[in-house]
Amino acid sequence: MSEFKNSQILTKLIHGGISKDESTGAVNVPIYQTSTYGQSLPGKHKGYEYSRSGNPTRKALEELIAELENGNYGFAFASGLAAISTVLSLFESGDEIVVSNDVYGGTFRLLDKVFTRFGVKYTQVNTSNLAEVESAINDKVKAIYIETPSNPLLGITDIEAIAAIAHEHGLISIVDNTFYTPYIQRPLELGIDIVIHSATKYLGGHSDLIAGLVAVKDKKLAERIGFLQNAIGGILEPFDSFLLIRGIKTLGVRMDRHVSNAEYVVSRLAEMEDVKKIYYPGLKTHPGYDINKKQAANGGAMVSFELTDNHNTDVLFSSLKIITLAESLGGVESLIEHPASMTHASIPKEIREAAGLGDGLIRLSVGIEDAKDIADDLIDAIIKSRI
């Protein structure tokens with residue numbers, strides 16, 4: 001396979017899906033803030049009956065994410081976890097799912113505390129190791145669920161290979177593409193069945209909304225997800241659909257700045273003796289570098305790192321002046337967090353550590369501020385945290 005190609009997506013971000021209102025010529029799709037729609041006769045309407053089932057603003061967003069991911073069908077949800085919950089509802093009692101071992105804590109919690117109660121089981125493996133994935137498949141396994149890059153260790157999994165394994169065994173393949181977005185990586189093009197986004201993050205981009213998106217190519221799979229979306233009802237409201245469309249329009253220019261800033265911050269961290277290990281797929285020393293280069297445009301803007309033992313992370317976090325200590329990621333502002341006590345605290349300590357997610361790990365979402373300001377702020381805080 002040739003290296004990732006990213007032609008024309010900048011234009012699609014602006015003009016993809018339903019990009020304007022045909023009835024008035026408005027260059028932005030209006031916010032159809034309505035719960036229901038008038039009908040001329042019972043069952044005779046203009047395409048919409050009730051906004052849980054369909055809304056023009058949400059539909060514009062859903063068509064946009066489908067086009068950006070090079071899929072045929074899109075679905076918008078009230079949160080990333082609402083999207084994941086709906087996709088996991090495709091499975092039945094007795095089914096099993098193979099999942100990345102350092103998956104997002106909320107996904108783990110959903111599988112471990114909710115879906116296991118309904119008889120859906122899961123097995124965590126290092127999906128970067130294809131042999132581990134193959135060995136975990138049995139007659140009860142119905143899906144492979146991966147993050148690449150994974151959260152928070154930035155592990156890289158060969159998407160095309162996972163899709164091939166899934167199709168060989170008749171399984172559904174699922175990729176959480178939150179960290180990269182379709183601007184950097186498009187799993188449907190590599191044979192994956194379902195792509196999920198926490199659109200709260202880079203797609204929204206401004207830390208002002210909560211949303212989830214799903215894109216698929218297959219019509220039958222889309223029909224099943226569409227049924228579940230309507231039946232479960234975790235849909236995205238019109239106003240947030242409008243905000244998300246607006247956010248997506250600037251995704252390209254934002255991601256370019258995010259990534260260039262991240263590369264600069266990584267280069268500065270690499271010069272410090274205080275930093276024991278850096279997790280960033282854009283580094284040639286990253287074990288997944290070659291695979292990532294094959295399937296993605298670059299290494300993204302998420303960076304995780306570990307400091308040497310002679311540091312007090314509480315002092316580090318309290319010393320920051322520009323970077324904000326907060327959960328979430330992908331906003332224009334730089335955000336830093338401690339996975340073990342924040343985003344991944346729902347994962348038991350022994351499982352976290354077995355996956356390589358130790359208490360010393362720090363995750364940084366590099367924003368679009370001045371690159372030197374970000375790096376200087378982080379490095380000054382690291383120096384102050386020395387014991």
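**Helix, sheet, chain**

Let me start with helix α8, residues 219-232, which lies across β1, β5 (172-176), β6 (194-198) and β7 (212-216) and runs at about 20° to β1. Helices (H or I, at least four residues) and strands (E, at least two) are DSSP runs, numbered from the N terminus. Contact means heavy atoms within 4.5 Å. Axes are lines fitted to C-alpha atoms, for helices over the stretch in contact, and angles run from 0 to 180 degrees between N-to-C directions.

On provenance: this is a predicted model, where local features need pLDDT of at least 70 and side-chain atom pairs count only at pLDDT 80 or more, while totals for chains, interfaces and linings use all residues. Residues are numbered from 1 along each chain as its sequence is written, and side-chain values use heavy atoms, with hydrogens and water left out.

Now the sheet. Seven strands form an open sheet with mixed pairing, in the order β1-β7-β6-β5-β4-β2-β3. Two strands pair if DSSP finds at least two bridges between them. Strands β2 (residues 96-100) and β4 (residues 141-147) pair in the parallel sense over four bridges, and Glu-96 has Val-141 as its bridge partner in β4.

Next, helix α9. Its buried residues include Pro-238, Leu-243, Leu-244 and Ile-248; buried means under 20% relative accessible area, exposed over 50%, partly exposed in between (1.4 Å probe, protein chains only). What do the buried residues of α9 pack against? They pack against α1 (9-15), α2 (56-68), β7 and α10 (251-269).

Leu-325 has 42% relative accessibility, so it counts as partly exposed. Leaving aside residues up to four places away in sequence, Leu-325 touches Phe-317, Ile-336, Glu-337 and Met-342. The C-alpha atoms of Leu-325 and Ile-336 are separated by 4.9 Å, though the two are eleven residues apart along the chain.

Finally, the whole chain. The protein chain has 14 helices and twelve strands. Its C-alpha atoms fill a box of roughly 75 × 50 × 40 Å, taken along the principal axes. Of its 387 residues, 54% are buried. Among contacts between residues at least 6 apart in sequence, 73% join residues at least 24 apart.
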